[in-house]
Amino acid sequence: MKIDRRHLLKFMGGSAVGVVLSPLPWKVVDDVSIWTQNWSWIPVPVRGETIFRHTSCALCPAGCGLKVRCIGAQPIALSGLTGHPTSHGFVCPGGLLGHHLPFSSRRVTQPVRLTKGGREAAPLSTEQVASDLGGVLARLKADPAAGRFAIIDALPGRSTSLAYRRLASQFPGGAYILPPDGIRQSLGVFDGVAGDAYPELGVDLDGARTVVSFGADLFEGWGTPGRFARKPQSSDGGPRLTQINPRYSNTACMADTWLPVRPGSEAILALGLAGVIVKERLFNSGLSTLIDGLDEIPDFRDLLAAIPVTRAAEVCGISPEAVMTTAREMGANAPCLALLGAGYSGGPFGEDDRLAVNFLNLLSGAVGAPGGLVPRRSLPQMEIEGLTGDLVPPTDLSEVPDGSIAFLMIDATVPRQAIPAALIERKLVKDKAVVVSFSALEVQAIGRSHYVLPVPLYLEALEEIPTSSDSPFATLSYSVPLVPAPPAASAPVEWIGRMAPTAGLDWAPLSADTLNEARIRAVWDCKRGSVYSYADGTTKANSEFASAEELGTAFKAGACWLDSSADSVKPDLTKSPYFKPETWGRLKRAVNARIEVRSKPSDDRVLLMPFTTAFLATASPLAGKLTHESGLYLRPGEALMSPSTAGRLALREGQKAEVETSKGRLRVRIRLDESAVPGTVFVPVSETDADPRNLCDIGEDCIWRATPAKLRRLDV
Ligand code: SF4
């Protein structure tokens, strides 16, 4: 029989009708639906009773109070606590989605050794970690000439911090290093003015009527954001806020006034404001004698005379009227606070900026006054066997000589702004150092670590949250475990305990629980302050707790301890650096150098300013996807600049370009926006090779705020 096209068409048509009428396709569709809904990796919503638990967020030092909605044992939603005495119901996007973090694809669940600059990771057993790293530590102990041991603490002030200092003390030249903390370092200008009992100052934002913020992102990451975020809703509208920033940040958007200054000119603006306040005698009237005494210092007189309003305005790129208005508002609306802070807006400020800005606090009478910078006590220190005696003092990374660290431990348990990899590398013994990070997420592993050891993540362990740097009084709270940690995750002290026998360390077995219990006992013993309970919103005097165990039970149910304030302390301002002539000599030299740089603008150069996108808003897998895909934040490899600067350099929106500094080159894609001050290119900090901080000049003081750069078009 001859088979022609007609036969073929008939066969295909008949087959189609036959298949539709047979049960086969419907059975296949049914089975596929059932399979795809039951694969083991499909998330299955938990079922069970709805219960509410309470805790504190441990993702940053602010320690916001949280109410956690759980289905069975699984947290499914977090929300703020309106009555919380420091966070006032605020939760940032990162805190709101903190319970997503255990599902992050960047979760570290087992110890790994990293090679090829972190591009390859080999899993290790706990025993291998103990013997490998214990052996390296033993060799270092036996041969101090090989370099020093150092440890960087992510969150100083915890009981664990004392254990780190004890560890560093066992090595000749060992260093316990504090992380960069703009608030601590800025307030440190007044260290010692309030006497030994009050070694620190905090910020009484609640009492301030005027706040002049030099880059402090009060609404999104500086200190405890909840303290300022509620201000717009308060009956009096909160303090008047002037935001001084080279970029229109979220805080600048919420401020009463935004002064878009050029990066690096902040100290000049502060001294220009000081000049007006001194000349028009707008300073606190109780300080007349002290300020008149300052006038006897020649460098002080010369410096203020060298920065008249017009000059300050010209160098900063703002109008003279803006300088005059700000200075007069500061004088008229006391209590007035001048705050300095590198947050999401840019890199850290240096000592000259700290001195210049804090002089405004001295002039306004803010030091030691309600609504200003107030003295506070430290957290009560605990007594624990093996952790007393002579311990190495805390130090900043800038005080550690370059090329001297042979073994570096980095506690990266709190996700915060990382130290540039280039800066870490500068401090290491070249090509021979070992870097170990304790981290729950890959993104936290600071610098280029050789080993990453997993630690419990937020909500997986009892974590101590000590006083935030900005708090006006000492506080203590705990983040409580709500979900199990991966089996291989251990607290850093427990990892160190495993290395100790091979390393030959004098290390009494320590667990995170032992340290937490000792801290709670120390707070209970001091009998001061009060405890706020999250569940019922009540406050009870610390002295009313019958035992440390009862206080511990309250902490684990959700509570925070607040120290009593230090109302009667009168700081001695003459102990501050402003009454030493060398301070003014130093500021004069720094300001002259900056004015000279600004007076030589270059047509083909811009200032490269790395800035941090809100990591906490992108750490959750869901929020990270949303923020990246919505374009809410700049992605790694994008560069923000003003349309006028782009026009000068013949660049346009979306164009590929190359940023070049003396340290290297970086390919970027141009994004144009009026929110950037002219002459500056803003590139987001990244954990990848596209990190702009690796292109920055990092000074001896470890500051890397802005670096001169060239921008070149690539796709012409
Ligand atoms: S990350 Fe910080 S600011 Fe955000 S909720 Fe947690 S503690 Fe508060």
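Where is Pro335 found? Pro335 lies in the loop between helix H13 (320-332) and strand E12 (336-340). The model is a predicted one, in which local features need pLDDT of at least 70 and side-chain atom pairs count only at pLDDT 80 or more, while totals for chains, interfaces and linings use all residues. Residues are numbered from 1 along each chain as its sequence is written, and side-chain values use heavy atoms, with hydrogens and water left out. Helices (H or I, at least four residues) and strands (E, at least two) are DSSP runs, numbered from the N terminus.

**Backbone geometry**

Most residues other than glycine have a negative phi, and most peptide bonds are trans. The peptide bond from Ala334 to Pro335 is cis, with omega near -5°. His88 is not a glycine, yet its phi is positive, at about 55°; His88 sits in the loop between strand E3 (74-80) and helix H3 (93-96). Lys527, also a residue other than glycine, has a positive phi near 65°. The loop that holds Lys527 runs between H17 and strand E20 (530-533).

**Helix packing**

Two helix pairs are tabulated below. Axes are lines fitted to C-alpha atoms, for helices over the stretch in contact, and angles run from 0 to 180 degrees between N-to-C directions.

| Helix pair | Angle | Axis separation |
|---|---|---|
| H4 (residues 126-142) and H16 (residues 492-503) | about 55° | 7 Å |
| H17 (residues 512-526) and H18 (residues 548-558) | roughly 115° | within 9 Å |

H4 is therefore oblique to H16, whereas H17 is roughly perpendicular to H18. In these terms, angles under 35 degrees count as roughly parallel, over 145 as roughly antiparallel, 65 to 115 as roughly perpendicular and the rest as oblique.

The crossing of H4 and H16 is right-handed; a crossing has this hand if the near helix is turned clockwise from the far one by less than a right angle, and is left-handed if anticlockwise. On the H4 side the contact (heavy atoms within 4.5 Å) includes Val129, Leu133, Gly134 and Gly135, and on the H16 side it includes Trp495, Arg498 and Met499. The residues of this contact of H4 with H16 comprise eight nonpolar, five polar and two charged. Here Ala, Val, Leu, Ile, Met, Phe, Trp, Tyr, Cys and Pro count as nonpolar, Asp, Glu, Lys and Arg as charged, and the others, Gly among them, as polar.

H17 also passes H18 in a right-handed crossing. Ile520, Arg521, Val523 and Trp524 of H17 meet Ala548, Glu549, Leu551, Gly552 and Phe555 of H18. The residues of the contact of H17 with H18 divide into six nonpolar, one polar and two charged.

Thr514 belongs to helix H17 and, at 34% relative accessibility, counts as partly exposed. Lys527 is likewise partly exposed, with a relative accessible area of 36%. Thr395, in strand E14 (residues 394-396), is buried at 13%. Buried means under 20% relative accessible area, exposed over 50%, and partly exposed in between (1.4 Å probe, protein chains only).

Not counting residues up to four places away in sequence, Thr395 touches Ala175, Tyr176, Ile177, Leu178 and Val400.

**Domain layout**

The domain assignment, whose bounds come from an automatic or database source, gives domain 1 (5-36), domain 2 (50-100), domain 3 (112-181 + 378-562), domain 4 (205-371) and domain 5 (601-713). The C-alpha centres of domain 1 and domain 2 lie 54 Å apart.
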